[in-house]
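Subject: Structure for you to look through

Dear colleague,

Here is the structure I promised to hand over, with the sequence alongside. Please open it first, and then read the notes that follow with it on your screen.

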Amino acid sequence: MRRLFLVTALVALNMTMMAAKKTMVSTYRPVIDRIEPTDWYVGMKNPTVQLMVYGQGIRDVANVTTNYPGVTIDSLVRLDSPNYLLIYLNLKGAQSGTMTLNFGKTKVNYQLKQREMSGDKRMGFTNADVLYMLMPDRFAQGANHNPQIKGMRPYVEDRTKPSLRHGGDLNGIREHLDYFKELGVTALWLTPVLENDSPDSKNGYSTYHGYATTNYYQVDPRFGTNDDYRRLCDEAHQKGLKVVMDMIFNHSGFEHPWTKDMPSKDWLNMPDWLKEQQSGRDPMTGFTANADGSEPQKSKYLQTSYKLTPVVDPYASKIDLKETVEGWFVPSMPDLNQHNPHLMRYLIQNSIWWIETVGIDGIRMDTYPYAYADAMAQWMKELDDEYPNFNTVGETWVTEPAYTAAWQKDSKLAEKNTYLKTVMDFSFFDKLNQAKNEETDAWWNGLNRLYNSFVYDYLYPNPASVMAFIENHDTDRFLGNGLDTLALKQALALLLTVKRIPQLYYGTEVLMNGTKEVTDGNVRKDFPGGFPGDKHNCFTKEGRSKAEGAMFNWLSRLLHWRQGNKAVIEGTQTQFIPFNGIYVIARQHEGNTVLTILNGTSKPAKMEMARYKEVIGQKSQGRDILTNRYVDLTKDLELKARQSLILDL
């Protein structure tokens, strides 16, 4: 009898609990903090969209529904953390409008937008463009700048400190669009503009550079708003300028919500060490100091080796490959695991969202080989399918052409297609920066280095879609701490006439210099005239010194001449082995010839014109586009030390 009573009581208790649970489910009103993407677009080739929902306990909501016409919910994915829920929608038959999502008793409106144009009409940058790379924090400050944004982690703007924020913003760039037109560049590459909400380090460092993202769907409020970014892109387009967005799929910032509350155990690489670093850590070094002030525990931390060769090395050890792609770039930037399919879907969608939302014309992907190659190829393939005329350049920092070529789309050197159309030519950068300090001899030194780099262009599926540069934000300035304008002119003359997509770094045109010996901030100085109180203003002709004005005018003349020049953009390329210290490259198209002539020695040199008859033909004179003077091609040419000539024949 006692056993029967106990069973009856348990059944009654179970029924009571089920009824209570049913009541709780029917009355449960989950609080939703945010949904990413914040909105989406109908009419995409891929009709599937992943919604990442953030909210306390949102994972355990019983069901999600919508009755919006043409929209179906394919699946709900409940991750390890209770505070995330993934919703996969199919929008194949949907039109633009406001969709209501029902989370139990909670209703959320979600905007589906009409695209401004089909994907094939999005035109990316090409070798007809010249990209101008700049850092928003260091370029210019717009009117009504707010030096202290409420809600951000502690930071200061102090222009006397090279490694702290200086206060540049998007409006400052927008207000100087006419400067870029005057100079003659055609595309702007901005280092990352997304939110980097990390506090300033006690060691005097900040994430002014932008490479530690804490919100993938919001412009850093110190730079402006998403609307400011859209306005910049719109006004740039009106002036014939393209905008390239810097993105990072390899890592995020430590202050991203994913770091404190990982959506799933495999969302980040090295999650166990991460759990130990949640309090007391220095925001720049990333390590937590011991209470007694002794060296912090780093034994579980895996730092990337920065050696990218294991990714393509057929003999690579597992540990070498692991250190490259799974180690953290720095301790303050958690490494994302692109092999998690939900994370990769999030990142792919994010890039598409920015293309559609603000109208960017290209993407520069940071630390490209540090992420998993197969996942990045998936991203590139999807972008190429949706936007066949768009372009992405990947940072591939190895100075051997064979390595770089293996990353380009359709390369026969790679086991699998990367679908990456443009790679960065670190060989060109490396060889040029060695050559500037050498005499060009009969074999290997000086400009021979450039000749011997270009001979490997047969490795590239498309050499015209390789991006060349002489300096950037991660290198010493080409001028170092000096002002060798002869070497600079040779570098720029070569950069802007060879079969490449050329990229300039801000301030080169006005002789900005500096080295990284003390800090990276010394090669990322403020553009003169970009900030209130600047007495030196290089944005105007009157504000430039005589030397700055001469360099600006020289480069501007070259850039404007290059625009639309078919010999440089579409022409064949012929190079001659440096002879008597003189390096000559010819570009030819439909009867037009351009000769780039560089004396790679510190002494006068004679150019024996008969040697170059095959590209000169019967032409008797050529116009030096840099001086507008004519050169007699029927007799040998006397060149001054380190002289540069660009002849239009």
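In this predicted model, an open sheet is built from 4 strands, which run in the order β2-β8-β7-β4 and pair in a mixed fashion. The edges of this sheet are formed by β2, covering 40–42, and β4, covering 64–65, each of which pairs on one side only.

The antiparallel sense can be seen in strand β5 (residues 72–78) and strand β6 (residues 84–90), which pair over 6 bridges.

Turning to the aromatic side chains, the structure holds 39 aromatic pairs. One of them joins Tyr-179 and Phe-180 in an edge-to-face arrangement, with 6.0 Å from centre to centre and 70° between the planes, and both of these residues, Tyr-179 and Phe-180, are buried. A second pair to look at is that of Phe-429 and Phe-469, which is stacked, with 5.4 Å from centre to centre and 15° between the planes. This pair links distant parts of the chain, since Phe-429 belongs to helix α12 (residues 426–435) and Phe-469 to strand β17 (residues 466–469), 40 residues apart. Phe-429 counts as buried because its relative accessible area is 12%, which falls under the 20% cut-off, and Phe-469 is likewise buried because its relative accessible area is 0%.

Which residues do ring pairs link into a cluster? The members are Tyr-132, Phe-139, Tyr-179, Phe-180, Tyr-505, Tyr-506, Phe-527, Phe-539 and Phe-552, so that the edge-to-face pair of Tyr-179 and Phe-180 belongs to this cluster.

Charged groups also sit over aromatic rings. The charged end of Arg-138 lies over the ring of Tyr-208, at 3.9 Å from its centre, while the charged end of Arg-222 lies over the ring of Tyr-155, at 4.5 Å from its centre.

As for cysteines, the structure holds 0 disulfides. Cys-233 counts as buried because its relative accessibility is 0%, and Cys-538 counts as buried because its relative accessibility is also 0%.

Finally, a word on empty space inside the model. Rolling a probe the size of a water molecule over the atoms shows where such space is left. The structure holds 2 cavities of 30 Å³ or more, and the largest cavity has a volume of about 60 Å³. What lines the largest cavity? Its lining is made up of Met-380, Leu-383, Asp-384, Tyr-387, Phe-390, Asn-391, Thr-392, Tyr-419 and Lys-421, and helix α10 (residues 373–386) gives the most to this lining, with 3 residues.

With best wishes

Definitions and conventions: Residues are numbered from 1 along each chain as its sequence is written. This is a predicted model: local features need pLDDT of at least 70, side-chain atom pairs count only at pLDDT 80 or more; totals for chains, interfaces and linings use all residues. Side-chain values use heavy atoms; hydrogens and water are left out. A disulfide is a pair of cysteine sulfur atoms within 2.5 Å. Buried means under 20% relative accessible area, exposed over 50%, partly exposed in between (1.4 Å probe, protein chains only). Two strands pair if DSSP finds at least two bridges between them. Helices (H or I, at least four residues) and strands (E, at least two) are DSSP runs, numbered from the N terminus. Rings of Phe, Tyr and Trp (its six-membered ring) pair if their centres lie within 6.5 Å; planes under 30 degrees apart count as stacked, over 60 as edge-to-face and the rest as tilted. A charge sits over a ring if NZ of Lys or CZ of Arg is within 6 Å of the ring centre and within 35 degrees of the ring normal. On a 1 Å grid over the protein atoms alone, a cavity is a set of points where a 1.4 Å probe fits but cannot get out, and a pocket is an open set with protein on both sides within 12 Å along at least five of seven lines; lining residues have an atom within 4 Å of a point. Grid points are joined across faces, edges and corners, and a volume is the space filled by probe spheres set on the points.
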